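Biologist: I have a new model open and would like to learn how to read its features. Could you walk me through them, one at a time?

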Amino acid sequence: MKDEQEDKLSMALATQKVMNDNSGLWSGIPAMVTVVSGFGNNIAAIQSVRGIQEQDRRGIPIDKGDKKQDAIKKALPVIGGMKAFARANKNNELLKKIDYSRTELDKVRDTVTLDRLKIVRDEVLLIIGLLGPYNITVTEVNALNGAIAAYEVMIPKPRVALNISKSATEALKRLLKEMDEPLKIMDGLMDTLKTSQETFWKIYKNARIIVDSGRGGSGVKGTIKDKLTGAGLEGALVSVNAPLHRTRTNARGATRTMTTRTNTEGNYEIRKLREGKYVVTIQMAGYKDLQIAVTIEKGKITDADGEMERV
């Protein structure tokens, strides 16, 4: 949830508690009973959706990467045996079809990797009976086929997880907006109790104030993507420091390093930074480190997007 959404939900929970603690003072008002019940259902729905939105899905792309590497690992020996067979039999057509290096299988999009692995599998199945002398048996081919199937299943999962997160984010925004109407109805009904239940009315009004949690201020945010595919990178480590301030005796708070990780869409945000010049460093296994110089102005969030190159 965004900071302002968290603040609004905190207000709603505080208001709900006040109403529940003082139910004896309003339970005789039918309209209040109805709106408080609906308000509670709305809060329950928001908390449920928030749980979906905040699920940690960082393991999904890691698992997919493991399956990809396993499939490539099992493909390379098969490719080696087939290349030897093709050269021995002067079968240049076959050689051209299956002559893939590790890089040509690894450093491309998942769908391209999958297609190339399937080409290798399909071609080896056509001549498996001839490959015994080249140290390729049905055992190796079956292992490759199983690894390809396991990898294929994983390919859409990061996108599915991203869509789930996006749907939850949209639902959360809608539910928080829908909460405004019952709150307005409760406000009006509470005003009818101002004279007879002034203390209760004051407690309710205090609960209805949305308090800034203090997580705002100056900072930096951005989206980190794969330079080749354009896809957002999840789980990248983002560090922020201010090396240009280290000679200033009064800048100790600004020079401390602050870190976070990108979410499922490759987004990150770090707040509570003083104004000044900073360096944002992004690190992720399999990619070259990326550094972005930014200047942060007081009270503003500076954008620092970046694309990471694979090693």
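Modeller: Gladly! Keep in mind that this is a predicted model. Let's begin with the largest nonpolar core, which has 28 residues; those touching the most other members are Met 19, Met 32, Met 179, Met 186 and Met 190.

Biologist: Which helices each supply at least two residues of this core?

Modeller: They are H1 (3–21), H2 (30–53), H8 (157–178), H9 (180–191) and H10 (198–207). H2 gives the largest share, with seven residues.

Biologist: And what does Met 179 touch, not counting residues up to four places away in sequence?

Modeller: Its partners are Lys 8, Ala 12, Phe 39, Asn 42, Ile 43 and Ile 46.

Biologist: Now helix packing, please. At what angle do H3 and H8 pack?

Modeller: Helix H3 (residues 59–88) and H8 pack at about 170 degrees, and their axes are 9 Å apart. An angle over 145 degrees counts as roughly antiparallel, so H3 is roughly antiparallel to H8.

Biologist: Which residues meet there?

Modeller: From H3 come Ile 60, Pro 61 and Lys 64, and from H8 come Lys 157, Pro 158 and Ala 161. By type, the residues of this contact are four nonpolar, two charged and no polar.

Biologist: How should I read backbone phi values?

Modeller: The general idea is that most residues other than glycine have a negative phi. Here, Lys 90 has a positive value, near 50 degrees. Lys 90 sits in the loop between H3 and helix H4 (92–98).

Biologist: Is Lys 90 buried or exposed, and why?

Modeller: Lys 90 counts as exposed because its relative accessibility is 70%, and the cut-off for exposed is over 50%. Asn 135 also is not a glycine and has a positive phi, of about 65 degrees. You will find Asn 135 in the loop between helix H6 (110–127) and helix H7 (138–154), and with a relative accessible area of 64% it is exposed.

Biologist: Let's finish with a strand. Where is Thr 281, and is Thr 281 buried or exposed?

Modeller: Thr 281 belongs to strand E5 (residues 276–283). Buried means under 20% relative accessible area, so Thr 281, at 13%, is buried.

Biologist: With which side chain does the side chain of Thr 281 make a polar contact?

Modeller: With that of Gln 291, at 3.3 Å. Leaving aside neighbours within four places in sequence, Thr 281 is in contact with Leu 237, Val 238, Ser 239, Leu 290 and Gln 291.

Note on methods:
Residues are numbered from 1 along each chain as its sequence is written. This is a predicted model: local features need pLDDT of at least 70, side-chain atom pairs count only at pLDDT 80 or more; totals for chains, interfaces and linings use all residues. Side-chain values use heavy atoms; hydrogens and water are left out. A nonpolar core is a set of buried Ala, Val, Leu, Ile, Met, Phe, Trp, Tyr and Cys residues joined through side-chain atoms within 4.5 Å. Buried means under 20% relative accessible area, exposed over 50%, partly exposed in between (1.4 Å probe, protein chains only). Helices (H or I, at least four residues) and strands (E, at least two) are DSSP runs, numbered from the N terminus. Contact means heavy atoms within 4.5 Å. Axes are lines fitted to C-alpha atoms, for helices over the stretch in contact, and angles run from 0 to 180 degrees between N-to-C directions. Angles under 35 degrees count as roughly parallel, over 145 as roughly antiparallel, 65 to 115 as roughly perpendicular and the rest as oblique. Ala, Val, Leu, Ile, Met, Phe, Trp, Tyr, Cys and Pro count as nonpolar, Asp, Glu, Lys and Arg as charged, and the others, Gly among them, as polar. A polar contact is a pair of N or O atoms within 3.5 Å; within protein, one must be able to donate a hydrogen and the other to accept it, and residues adjacent in sequence count only if both atoms are side-chain atoms.
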